[in-house]
Amino acid sequence: MNKIGLIIGREYLSRVRKKSFLILTIVVPILMVGLLVGAAWIGQADVGEKKVHIVDSNYFVQPNDFKDTKQCKFSFSHGTQAEAKASVESGEFDLALWLPERLYHHESAFLYFDKEPGEVVKRMLSGQLNRFGELIKVNYLRDSSGLQLSLEQFDEIKKDVRLIFEHYADDSKTGLAKVRWGVGFAFSVLIYMFIFLYGVQVMRGVIEEKTNRIVEVIVSSVKPFELMMGKIVGIMCVGLTQLTIWVIIGTTLFSIALVTIFPEFTYDPEVIAQEMAQISTNVDPSVANEIQVSIPENEVIETILYKINWPFMIGLFVFYFIGGYLLYGALFAAIGAAVDNEADTQQFMLPITLPLVFGFVIAQSMALNPDGPAGFWFAQIPFTSPVVMMVKAPFGFDNSGWPYVLSMVLLVITFICATWIAGKIYRIGILMYGKKPSWKEMYKWLFYKA
Amino acid sequence: MKIALRADSVVKRYKNHQALTNVSLEIPEQSIYGLLGPNGAGKTSLIRIINQITGPDSGAIYINGESLKPSHIGTIGYLPEERGLYKKMKVGEQIVYLAQLKGLSKADAKAKGKKWCEKLEISHLWNRKVEELSKGMAQKIQFISTVVHNPKLLILDEPFSGFDPINTNLIKEQILELKNEGATIMLATHNMGTVEDICESIALINNSKKVLDGSVKQIQKDFSESKYEVSFKGNVMGFANVMWGGFEVLDKFSEDRENHTFNIKLLNGITLNSFLKEILPVCEIKSVREVVPTMSEVFIATVNKEKEAENE
């Protein structure tokens with residue numbers, strides 16, 4: 001065990017210390033955020049002015065509660081849900097925001113559209129609605145509980161009002177499915193990239209040890225299996241390190257970009273401070289100290305937060321990330337052991353990369369049909385499940401848990417089998433030089449005695 | 001005499017190829033033992049079994065009387081014929097890493113590694129990357145990583161390949177020193193000069209079988225064929241006519257008209273004594289020396305004999 005630790009340490013440090021690792025680790029998140037911000041910038045530019053009809057079922061809205069912006073011009077009326085929809089259908093308004101009666105009990109508000117508005121408008125509307133929602137809740141609580149506010153009540157106020165975007169006639173035409181798919185797909189891409197990048201690194205590492213002939217020195221000290229696992233796990237740690245740094249740099253940069261370049265996406269801190277001051281005069285002083293002015297930094301994430309079970313998704317991601325990598329990493333190690341140089345790997349790479357690429361294609365196609373049978377089956381098959389499950393999970397399996405359990409169990413069983421097989425091939429392969437083995441020979445290696 | 005390593009009827013078979021057939025041998029403690037044999041004879045297979053890289057199909061290996069077990073790995077130093085280092089790693093890190101894999105603590109590995117680098121005059125390379133070094137330097141580092149953990153048993157496969165004569169001597173000295181400090185050394189090589197130089201005993205493996213073993217001196221004696229080098233002053237014709245048919249001239253060399261050196265082989269069981277008795281009246285003998293076969297000749301003769309036996 002101690003020796004595996006040494007091998008993991010060497011594999012890890014020798015890679016993390018490389019300049020290319022440092023550069024990749026820093027440049028990629030900068031590039032990604034740059035692209036995102038750039039895309040948002042361009043997206044923002046071509047939004048025309050929208051006429052927004054606010055339909056209030058309760059006489060809540062005061063003329064100043066929603067303020068006109070570059071993108072949106074508001075008008076107000078009292079009416080019903082049907083009237084709100086009708087105002088869009090008639091073409092009189094681009095958007096209709098319907099405020100239901102019990103908004104203070106955090107019932108959701110609805111935004112009806114004919115053409116779905118862009119992110120900029122959505123965020124701006126959500127922002128204004130939330131501020132308005134807080135006001136309404138403050139008023140409601142003031143009326144119902146006198147002037148004293150408890151912390152629970154304050155938290156209640158701070159909860160955002162959910163804004164549901166719906167087509168006026170067809171509620172399936174919402175962007176919700178796309179958002180869900182997008183989140184899952186982002187995870188999928190990460191897993192896919194990670195398995196490929198680092199799987200190939202495992203293979204290269206094995207070939208390197210073989211070609212520079214150090215492998216016989218090492219296996220006279222440690223078991224070949226330990227060497228193989230040490231390499232796979234060491235490189236996995238490199239990947240996890242890189243990913244963690246990416247996430248940290250990425251979110252930091254993104255937050256900075258959001259606050260500095262797109263201030264309209266965020267609340268105006270002064271307004272909030274004023275509101276807070278108003279509220280805090282009515283709040284128990286001991287509670288007031290605990291209240292901090294919070295500025296939601298990223299409305300996109302905030303929106304997604306309601307619809308995606310994040311702890312669950314992240315848990316799944318970590319599991320499939322590691323499970324998928326271990327499965328493919330072992331197979332890549334076996335290929336590396338079987339050949340003498342990288343040029344010879346192609347023949348063996350194909351059958352391994354094919355299911356991975358196939359899974360990726362399925363994950364992409366699920367944007368159109370997330371609940372189809374392909375999503376279910378390929379989320380079960382261990383060779384595609386790490387990539388496909390991440391896209392499938394945000395949609396769920398009709399609320400049943402067993403498909404997750406089955407998929408995970410299958411993945412674990414498969415990677416144990418793959419590691420066992422790879423260990424056998426590796427053990428023989430690393431000490432074989434010269435001729436490239438055939439599939440048949442590699443199959444025979446499985447039954448060689450140690 | 002204690003036995004450091006004993007192989008007992010070791011058999012190893014690969015799918016289409018017999019690597020070792022009932023190979024038994026004994027290596028005395030604190031000796032240098034040569035493992036000889038043509039390419040593909042089974043030397044590497046035997047060495048890999050001793051290093052527990054593979055296992056025998058049958059038979060057993062004993063180290064100091066104990067049957068082979070994982071804890072023996074730390075007591076063996078192995079320099080494979082196919083050897084190399086991590087090119088991107090620094091010399092010092094590499095030596096420490098390999099020593100740690102053999103069970104040394106980091107501090108211990110560093111201290112011993114540095115000491116060895118001083119011994120082999122490469123201390124200045126400690127922080128250099130292996131890829132920046134010449135082949136000879138890399139070989140020195142390879143040697144250090146083999147011996148740094150003070151192994152009781154050293155298995156060196158072609159240890160001198162890649163060294164110039166000066167460094168070959170340096171390494172030879174280190175091997176002898178290690179032996180004097182108590183190590184047992186198994187040396188697999190094709191270099192027969194080395195065998196005569198430093199090996200006390202050998203085993204010759206051919207076609208998966210051990211065909212010859214014993215002390216180098218005894219083997220040379222066994223293979224000597226009454227060949228002598230005789231230098232004398234006198235008449236060539238006289239020398240040649242003395243024992244007509246009693247010897248065969250293999251080679252001759254004349255310094256001038258009077259001084260000659262003949263390489264002869266005595267025939268028909270004639271002893272050196274009776275030969276000298278006949279020759280003394282005819283010429284003045286300056287020196288007589290027995291010509292023992294070189295290990296190279298022993299090697300070739302043995303392997304060829306095996307081949308002939310196989311063909312018959």
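What covers the buried residues of α2(B)? The legends below take up this helix and other parts of the structure.

This is a predicted model, in which local features need pLDDT of at least 70 and side-chain atom pairs count only at pLDDT 80 or more, while totals for chains, interfaces and linings use all residues; side-chain values use heavy atoms, with hydrogens and water left out. Residues are numbered from 1 along each chain as its sequence is written, and chains are lettered from A in the order in which they are written.

**View 1. Helix α2 (residues 91-101) of chain B and its cover.** Helices (H or I, at least four residues) and strands (E, at least two) are DSSP runs, numbered from the N terminus. Buried means under 20% relative accessible area, exposed over 50%, and partly exposed in between (1.4 Å probe, protein chains only). In α2(B), 10 of the 11 residues are buried, so the helix is largely enclosed by the rest of the structure. Among the buried ones are B:Val91, B:Ile95, B:Tyr97 and B:Leu101. Their cover includes α1 (2-16) and α7 (215-219) of chain A, together with α3 (106-119) and α4 (135-147) of chain B. After α2(B) comes B:Gly103, which has a positive phi, near 110°.

View 2. Two strands pair if DSSP finds at least two bridges between them. Strand β3 (residues 32-36) of chain B pairs with β9(B) in the parallel sense, over 4 bridges, and here B:Leu35 stands opposite B:Ala203. Strand β10 (residues 209-215) of chain B runs antiparallel to β9(B) and is joined to it by 6 bridges; in this pair B:Ile202 stands opposite B:Gly214. The hairpin of β9(B) and β10(B) has 2 residues between the strands, and B:Asn207 takes a positive phi near 50°.

**View 3. B:Leu46 in the largest nonpolar core.** A nonpolar core is a set of buried Ala, Val, Leu, Ile, Met, Phe, Trp, Tyr and Cys residues joined through side-chain atoms within 4.5 Å. The largest one has 164 residues, and B:Leu25 and B:Leu46 have the most contacts inside it. Helix α12 (residues 310-338) of chain A gives the largest share of this core, 18 residues. Contact means heavy atoms within 4.5 Å. Leaving aside neighbours within four places in sequence, B:Leu46 is in contact with residues including B:Leu25, B:Leu35, B:Met186 and B:Ile205. Apart from this core lies another, of 24 residues, among them A:Ile54 and A:Phe132.

**View 4. The second largest cavity, with a volume of about 80 Å³.** On a 1 Å grid over the protein atoms alone, a cavity is a set of points where a 1.4 Å probe fits but cannot get out, and lining residues have an atom within 4 Å of a point. Grid points are joined across faces, edges and corners, and a volume is the space filled by probe spheres set on the points. The count comes to 4 cavities of 30 Å³ or more.

Terms used: 1 Å grid on protein atoms, 1.4 Å probe; cavity = no way out; pocket = protein on both sides within 12 Å on 5 of 7 lines; lining within 4 Å.
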